[in-house]
Amino acid sequence: MATTVVLFDLDDTLFDHWACTRAALASLRETYPALRRASADVLEREHARLLEELHLRVLAGRMTVDDARVERFGRLLAFAGESAGQEAAAGAAAAYRAAYLGHWRPVEGARELLQAVHACAATGVVTNNVASEQRQKIAACGFGPLLDTVVISEEAGVTKPDPRIFDIALERLGRSAAETVMLGDAWNTDIEGARAAGIRPIWFNRFGAASPDPSVTEVRSLTPTSLVMSALFPNSESRAPSP
């Protein structure tokens with residue numbers, strides 16, 4: 001069956017969360033000397049681990065976003081050898097947040113890809129996070145007019161990889177899983193979740209990780225648009241507009 005729907009993950013698929021995080025941590029290291037005791041790469045890995053752990057609590061409704069952010073930076077300072085109280089942790093969290101917001105950007109090629117896909121298929125975002133945050137990212141990157149539906153876990157009451165969150169998107173679009181493809185960077189949530197919903201997945205493997213299943217199509221970049229379109233619509237000629 002021809003592809004008539006393309007669903008996208010948001011963070012680190014369309015929105016460049018990785019670049020924003022890296023820039024914000026670099027800024028924070030300038031303000032908090034203790035964070036320079038660890039290398040930038042080590043600090044980034046520990047921050048990513050803490051973010052994932054605490055984000056799961058936020059998604060489960062066990063912590064607020066603000067509380068999780070303060071807890072994250074209290075732990076990160078402790079990891080760097082700094083005994084930080086609540087006030088110091090809150091200050092680091094606020095500084096990080098300001099820098100993170102200041103570096104919001106789309107992944108290279110994301111807007112151009114959305115424009116090409118939207119010209120020939122229904123489009124949607126399926127994302128795990130707090131609704132207000134995700135909608136602000138979509139607006140800031142100019143994705144809104146190019147999306148036919150946006151399904152966010154906080155509003156949907158279910159998170160990826162549960163197939164029900166994908167079903168919500170398809171119900172809204174009036175389409176079937178058989179005519180849908182899902183592009184996302186997170187294997188456990190995007191790829192396994194799409195497969196559980198009967199949707200063909202494409203892995204956005206931007207950093208060249210080893211594939212858990214080589215039968216899954218992958219793309220390493222969202223540019224050039226024509227190559228990504230060929231992966232999304234394998235039985236058609238490239239649907240990217242001619243330059």
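This is a predicted model: local features need pLDDT of at least 70, side-chain atom pairs count only at pLDDT 80 or more; totals for chains, interfaces and linings use all residues.
## The parallel sheet

The model contains an open sheet of six strands, paired in parallel and arranged in the order β3-β2-β1-β4-β5-β6. Its edge strands are β3 (149–152) and β6, each of which pairs on one side only. From one strand to the next, the twist averages 25°. In general, strands of a sheet pair through backbone hydrogen bonds, either parallel or antiparallel.

Strand β1 is joined to β4 (residues 180–184) by four bridges, and these two strands run parallel. Four bridges also join β1 to β2, again in parallel. Phenylalanine 8 illustrates both pairings: this residue stands opposite leucine 183 in β4 and opposite valine 125 in β2. Further along the sheet, β2 and β3 run parallel and are joined by four bridges. Threonine 127 has isoleucine 152 in β3 as its bridge partner.

## The enclosed strand β2

How many of the six residues of β2 are buried? Six of the six are, so the strand is largely enclosed by the rest of the structure. In a regular strand the side chains alternate between the two faces of the sheet. In β2, Ala122, Gly124 and Val126 point one way, while Thr123, Val125 and Thr127 point the other way. The residues of both sets are all buried.

Helix α8 touches β1, β2 (122–127), β3 and β4, and its direction makes about 155° with that of β3. Helix α9 (residues 187–196) is in contact with β4 and β5 (200–204), and the angle between the directions of α9 and β5 is about 165°.

## The contact between α1 and α2

Helix α1 (residues 17–31) and helix α2 (residues 40–59) have axes that come within 11 Å and cross at roughly 120°. The two helices are therefore oblique to each other, and their crossing is right-handed.

On the α1 side, the contact involves His17, Thr21, Arg22, Leu25 and Arg29. These residues meet Ala40, Asp41, Leu43, Glu44, His47 and Leu51 in α2. By class, the contact residues divide into four nonpolar, three polar and four charged.

## Cis peptide bonds and a positive phi

Most residues other than glycine have a negative phi, and most peptide bonds are trans.

Another cis bond joins threonine 223 and proline 224, with omega at about -10°. Proline 224 belongs to the loop between β6 (217–219) and α10 (225–232).

Aspartate 12 is not a glycine, yet its phi is positive, at about 65°. This residue lies in the loop between β1 (5–8) and α1. Is aspartate 12 buried or exposed? Its relative accessible area is 15%, and the cut-off for a buried residue is under 20%, so aspartate 12 counts as buried.

How values were computed:
Residues are numbered from 1 along each chain as its sequence is written. Side-chain values use heavy atoms; hydrogens and water are left out. Axes are lines fitted to C-alpha atoms, for helices over the stretch in contact, and angles run from 0 to 180 degrees between N-to-C directions. Angles under 35 degrees count as roughly parallel, over 145 as roughly antiparallel, 65 to 115 as roughly perpendicular and the rest as oblique. A crossing is left-handed if the near helix is turned anticlockwise from the far one by less than a right angle, and right-handed if clockwise. Contact means heavy atoms within 4.5 Å. Ala, Val, Leu, Ile, Met, Phe, Trp, Tyr, Cys and Pro count as nonpolar, Asp, Glu, Lys and Arg as charged, and the others, Gly among them, as polar. Buried means under 20% relative accessible area, exposed over 50%, partly exposed in between (1.4 Å probe, protein chains only). Two strands pair if DSSP finds at least two bridges between them.
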